[in-house]
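Keep the structure open and find each residue as you read.

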Amino acid sequence: MPASLNTTAESVFTVPDALLKGQMMTKVSEKKRKRVSFRLDPDAGSILYKSSKSGVVSLETVKEIRSGSGARYYREQFGLPEESEQRWLTLIYILDGAYKTLHMLADTRDAFIMWEAAIRKLVAVRQGLMTGLGNVDVRETIWTRQYWKGADGNGDRKLSLGEVERLCWRLNARFSKPELMAMFHDADPKNQGYLDFAGFQSFVRSLKRRPEIEQVYKDISDRNGGKFDFSTFEVFMKNTQHSTLAQDELKAMFAKYSSPKPEVSRAASPSAGSAPLISTPVAPESTSAAAGALQPPKVEVATPLVLTFEGFSSFLLSTDNAAFSEKDRGVWQDMTRPVSEYYVSSSHNTYLVGHQLIGVSTIEGYIRALLHSCRSVELDIYDGEVEPVVFHGKTFTSSVSVRDVCNAIAKYAFVTSPYPVLISAEIHCGIQQQDVLVNIMVEVFGEALIRAPVEGRPKLSALPSPEVLKGKVMLKAKNLYVVAQLEALHIKSPTATPPAQPVVLEAETSDESDDEDESNTQKISGEVKHGLQELKEKWRRVRGTSSTDLSTKKPKEKLKMSFNLASLLVYTVGVKCHGLGTEHGYAPEHIFSLSESKANKLLKGGTMRDMIKHTKDHMVRIYPKGTRVNSTNYEPHRFWAAGAQVVAINWQTFDLGYTMNQAMFQRNGRAGFVLKPDALRGKDELLSKSSNHIFEVTIISAHQLPRLKDSTGHEVVEKSIVDPLVEVTLHIPDWTHPPFALKTGLTSPTPPDSAVSPSSPRTVKVRTRAVRNNGFNPVWRETLEIPFDVIGGKEMQDLVFVQFSILEDDYDDEDDEPIAVYCTPLSCLEKGYRHLPLHDAQLSQYLFSTLFVQTQIRDMN
């Protein structure tokens with residue numbers, strides 16, 4: 001638990017009066033500097049300032065706070081003097097699905113210190129609450145103060161019936177007039193005609209009543225004679241929650257949420273498995289007056305503990321009953337295996353924060369990815385005026401200096417995870433700037449940079465482990481000499497002798513497009529192609545060239561490679577893929593990159609087992625095809641299932657592929673490395689085993705679904721209350737068999753979205769009915785069943801993903817965002833009764849929204 005939560009709930013809101021009233025500061029942007037009054041509202045959890053666009057930053061949307069040298073990149077970019085650094089505060093936040101920045105320059109150092117401390121405290125508390133459930137007292141205090149202040153529009157600390165009605169509307173709760181009046185009068189026993197704060201709290205208790213949990217509690221108690229003692233709790237945990245905790249651990253957990261049973265007689269000594277007891281000292285009755293002069297020894301009377309409904313509710317919402325099985329577990333997997341036996345959290349074109357053709361290149365992409373435990377980032381490096389620069393070649397993206405990128409990587413590489421970072425580079429610059437690149441990397445990364453002389457390297461028998469490589473930075477790029485060697489082997493024969501090493505390394509310019517299907521260019525739609533031609537022609541006119549000039553350009557020159565650069569390619573030596581198998585001469589350190597099109601083509605050709613065998617000892621990187629100009633993503637589990645480790649994702653796009661990637665790498669303590677299932681790490685016999693299962697989930701209820709927000713971040717309250725439904729989706733990898741058929745009488749899932757084939761994953765969806773006019777506490781109590789199969793043993797359930805999406809009844813896949821989502825590997829979803837924390841489309845957790853479910857997996861073999 002964050003240190004900020006080890007405090008009283010009320011202290012969360014204590015900030016200096018000056019910040020509540022507002023202070024003048026300079027708002028800095030690329031175009032101008034403007035004097036603005038900033039105000040902090042700890043109750044609403046927001047920063048307010050005057051603006052024609054938005055003027056509000058919700059603290060829940062803040063992803064990072066930078067100050068001092070941490071904000072130097074922007075200070076230098078905007079041309080402000082160095083002395084302003086000590087008064088500079090930058091907030092990185094999300095608004096309308098996009099990352100935004102707010103730069104504030106305080107007038108004095110004291111004012112800066114005051115603002116920074118207050119914002120960091122408030123953001124830390126919210127971020128702590130947005131990593132799961134639990135911390136009920138702080139969460140409830142924040143909720144109460146936020147909605148009390150929002151409801152009390154005129155600030156008189158009295159809520160009229162009209163204000164209470166508007167509060168319910170804001171909370172997505174709809175009541176008839178008689179129902180609302182009855183609840184209002186119950187909370188106003190003195191008939192004051194308004195609700196003070198105590199009345200508001202009483203009204204909220206009624207509003208938040210959970211009859212569906214009351215029913216679960218009653219059902220469990222009734223099965224045990226109306227009592228909920230430890231034996232009842234133990235049976236519930238073992239049979240319903242599928243707990244593997246030992247009895248002593250269960251007793252400690254029970255004691256945490258239980259309370260003494262009232263009016264009990266003296267208990268005998270407990271036997272094994274009986275209820276935990278608390279001891280109450282009691283003096284026995286005296287038999288004579290003289291006895292009163294003596295103080296007899298006190299006798300301990302054991303009082304059994306019982307779990308009340310309140311205690312049961314607290315348990316269900318606590319971290320002890322988290323839905324995610326690895327919650328707060330830390331790094332637990334064996335990190336001493338060769339790095340080829342792990343999936344690696346990976347980013348594609350990390351420098352872009354938007355479109356692949358006309359987007360902006362910046363260090364922000366690296367910072368965001370690394371802070372989310374990404375362990376492989378990409379650089380496309382070209383000659384700059386003095387030093388190399390990074391941008392997307394053959395497009396109109398802007399550039400950023402290699403030095404700035406390396407500085408950002410060095411600063412953020414090991415903040416979230418201590419395990420190695422892989423820089424996947426396409427190097428298009430000449431010898432001179434290759435040497436400059438090497439000097440920059442050596443200067444910036446120092447001893448963290450993996451390097452070794454080209455001559456006399458010992459032959460590797462296996463790759464090192466993530467544990468051995470802790471705190472290290474590795475460069476992956478094509479070694480042109482090795483590429484030429486393998487090319488010779490491929491052209492001549494598997495037994496051909498490699499050519500002698502030349503004095504200067506020389507080969508055709510190489511980049512990842514070597515592996516991209518030529519047909520990809522032809523697949524670009526006519527509209528996009530025409531738009532590109534227009535953009536290119538405009539660019540040529542600006543540069544004073546034309547299509548005719550370009551048609552007479554010289555043939556592409558061979559690009560030479562610096563030996564200094566080759567010295568940085570040690571455990572990740574880039575080569576070209578000539579196929580799979582030992583006859584192609586790949587060493588353990590050889591890694592090739594495949595576009596998703598090339599990878600799909602290989603897998604369609606029936607080579608999945610060959611890929612699995614190859615990736616036991618060798619690394620393979622997969623990246624999105626070139627036609628994904630809007631930076632969309634594939635679904636990565638299709639390639640994970642084939643053993644590929646470095647499956648790169650466009651982190652700037654919050655789509656299904658991004659969601660699945662984030663769900664995968666929440667595992668193993670967010671190390672950025674996740675151990676592959678045994679079947680993909682050499683236990684080939686498991687691949688011949690298949691099993692059939694049914695994922696059964698009862699959608700019970702949701703609690704306080706969020707209101708939609710407009711493009712400025714304000715809640716849209718005017719629209720009607722939602723009619724929510726729940727869609728449950730299983731994303732199943734490309735096994736060799738389609739989902740088995742359910743027996744007659746069971747719920748039939750909707751058909752897969754696409755045909756089953758080795759190159760496209762299968763998606764199976766089921767939905768509940770819609771609940772009308774209730775987004776506050778809708779109840780469904782519907783059981784859904786989804787069939788799925790697994791090849792390779794139970795561990796391969798790591799690669800089956802389940803997504804819960806709460807949708808509007810009229811949801812449109814093309815135009816609408818879900819109200820809220822939750823996604824996790826199926827193997828990480830705990831069974832039994834669980835509250836799922838809900839997230840927005842950018843995967844930021846809502847503070848108060850949950851989905852209450854009961855789940856289990858039935859084996860059907």
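1. Let's start with Q241: at a relative accessible area of 0%, Q241 is buried (buried means under 20% relative accessible area, exposed over 50%, partly exposed in between, with a 1.4 Å probe and protein chains only). Q241 sits in the loop between helix 9 (230–240) and helix 10 (247–257). Helices here are DSSP runs of H or I with at least four residues, strands are E runs of at least two, and both are numbered from the N terminus. Leaving out residues up to four places away in sequence, Q241 touches F236, N321, K831, G832, Y833 and R834, where contact means heavy atoms within 4.5 Å.

2. A quick word on what you're looking at: this is a predicted model, in which local features need pLDDT of at least 70, side-chain atom pairs count only at pLDDT 80 or more, and totals for chains, interfaces and linings use all residues. Residues are numbered from 1 along each chain as its sequence is written, and side-chain values use heavy atoms, with hydrogens and water left out.

3. Now for the cores. A nonpolar core is a set of buried Ala, Val, Leu, Ile, Met, Phe, Trp, Tyr and Cys residues joined through side-chain atoms within 4.5 Å. The largest one has 132 residues, and I409, F695, I699, V728, F804 and L851 have the most contacts inside it. There's also a second, separate core of 28 residues, which includes V125, W143, F184 and L847.

4. Take I409 next, which you'll find in helix 13 (residues 402–412). I409 counts as buried because its relative accessibility is 0%. Which residues does I409 touch, not counting those up to four places away in sequence? They are Y366, L370, V377, L379, V421, I423 and F445. Y366 is 43 residues from I409 along the chain, yet their C-alpha atoms are separated by 6.6 Å.

5. Among the buried residues of helix 3 are F112, W115, E116 and V125.

6. R670 has a phi near 55°, a positive value in a residue other than glycine, and R670 is partly exposed at 28% relative accessibility. Q704 also has a positive phi, near 50°, but Q704 is buried at 5%.
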